[in-house]
Amino acid sequence: MMEKFDMTRINDGSNRPPRLEIHQSMWAMMELETELPLEAKLERIAGAGFTGILARVPEINERDEWKRLLNQYSLSFGSHCFPFSSSDLSAHIQHAADMDMLYVNGQVADSFVIDEEAIELLGGLVAVSAAHSMPFYAETHRGKITQDLIRTVQYAQALPNLRFTLDISHYVLAGEMTEMQEKAEPLLDKVLQRTSAIHSRISSGEQIQVDVGYSDAMLARYEKWWTQAMRYWLQGAKPGDVLPFVCELGPAPYAIKGQGGRELSSRWEQALILKNVAQACWKRATVE
């Protein structure tokens with residue numbers, strides 16, 4: 001009897017122990033010191049020890065080159081999707097069937113879809129994920145269906161198989177959470193329990209993306225959240241299960257520019273710092 005597809009988890013079919021994989025966002029590779037060609041970006045990513053990327057699905061005429069380079073540099077591929085309907089997700093999965101995707105990350109439109117309409121849409125996306133045996137995770141993103149922390153938790157309670165790509169920076173910014181908010185913590189914890197992928201970025205509560213060293217206290221809060229999400233994910237994890245941790249530091253206007261139009265921080269160097277932070281969080285999650 002064929003084992004039922006578990007859409008809540010990414011599994012590579014191996015017997016390897018459940019593991020964290022640290023990936024780099026291709027959006028984060030835009031406009032670094034200069035705009036690099038595709039191979040140079042992937043070579044840099046692989047050389048730094050990242051094991052995969054998150055990107056939009058390339059155009060059909062670019063697919064062969066992408067697949068060749070991903071194979072050459074041993075990088076896995078997760079895709080971005082921006083569905084307004086379940087048919088959008090189905091079309092995306094079918095369109096990208098030759099890309100050997102680990103999973104689909106969805107920024108689900110839009111923030112004005114609420115209540116039963118939102119539950120129906122998200123439920124449809126979950127059903128499409130199961131029908132195509134392709135893990136799909138709704139990203140916790142402002143300006144999208146998951147903009148509001150309270151309603152996101154309500155959707156999770158209504159849909160037992162709904163899973164998230166956790167990007168806490170959006171909730172910290174949308175809630176102006178410059179300090180710990182006691183009322184937010186139990187709600188965040190419910191999202192952490194449903195996390196199947198993580199996007200890493202530090203928001204100050206006033207800006208969406210600041211230097212990792214902006215505040216030791218703020219960084220400690222993110223480390224606590226990420227570590228707890230990893231602990232929850234490890235509960236019931238099976239051989240071959242993969243938890244992607246994506247370093248996703250966007251170019252301006254996410255990145256802050258100073259005089260002369262230069263970004264205040266090196267996003268590449270910051271990504272490497274986040275990579276080390278992720279490894280430390282994983283160590284705590286697996287040991288503690």
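## Exercise 1: The core

The largest nonpolar core of this predicted model has 79 residues, and Ile53 and Trp226 have the most contacts inside it.

**Task.** Find which helix gives this core its largest share, and list what Trp226 touches.

**Solution.** 
- Step 1. The helix is α8, which supplies 9 residues, the largest share of this core.
- Step 2. Apart from this core lies another one, of 8 residues, including Leu54 and Val246.
- Step 3. Leaving out residues up to four places away in sequence, Trp226 touches Leu166, Ile168, Ile198, His199, Ser200, Arg201, Ile202, Phe245, Leu274, Val277 and Cys281.
- Step 4. Trp226 also belongs to an aromatic cluster with Tyr222, Trp225 and Phe245.

## Exercise 2: Helix α9

**Task.** Compare the span of helix α9 with the expected one, then work out which elements its buried residues pack against.

**Solution.** 
- Step 1. Helix α9 runs over residues 267–287, which makes 21 residues.
- Step 2. From first C-alpha to last, α9 reaches 30 Å, close to the 30 Å expected at 1.5 Å a residue.
- Step 3. Now list the buried residues of α9: Arg267, Trp268, Gln270, Ala271, Leu274, Lys275, Val277, Ala278, Cys281, Trp282 and Ala285.
- Step 4. When you look at the spacing in such a list, remember that an α-helix has 3.6 residues a turn, so residues three or four places apart point the same way.
- Step 5. The packing partners of these buried residues are β2, α1, β8, α8 and β9.
- Step 6. One more detail concerns Trp268: the charged end of Arg44 sits over its ring, 5.2 Å from the centre.

## Exercise 3: A pair of rings

**Task.** Decide how the rings of Trp66 and Phe77 are arranged, and say which parts they tie together.

**Solution.** 
- Step 1. The structure holds 8 aromatic pairs.
- Step 2. For Trp66 and Phe77, the ring centres are 6.5 Å apart and the planes stand at 80 degrees, so this pair is edge-to-face.
- Step 3. Trp66 lies in helix α2 and Phe77 in strand β4, so the pair ties together parts 11 residues apart in sequence.

## Exercise 4: The whole chain

**Solution.** 
- Step 1. Count the secondary structure: 9 helices and 9 strands.
- Step 2. As for burial, 53% of the 288 residues count as buried.

Technical notes
Residues numbered from 1 in each chain as written. Predicted model: local features only at pLDDT ≥ 70, side-chain atom pairs only at ≥ 80, totals over all residues. Heavy atoms only, no water. Helix = DSSP H or I, 4+ residues; strand = E, 2+ residues; numbered from the N terminus. Expected span 1.5 Å × (residues − 1). Buried < 20%, exposed > 50% of the residue type's maximum accessible area, 1.4 Å probe, protein only. Contact = heavy atoms within 4.5 Å. Core = buried A, V, L, I, M, F, W, Y, C linked by side-chain atoms within 4.5 Å. Phe/Tyr/Trp six-rings, centres within 6.5 Å; stacked < 30°, edge-to-face > 60°. Lys NZ or Arg CZ within 6 Å of the ring centre and 35° of its normal.
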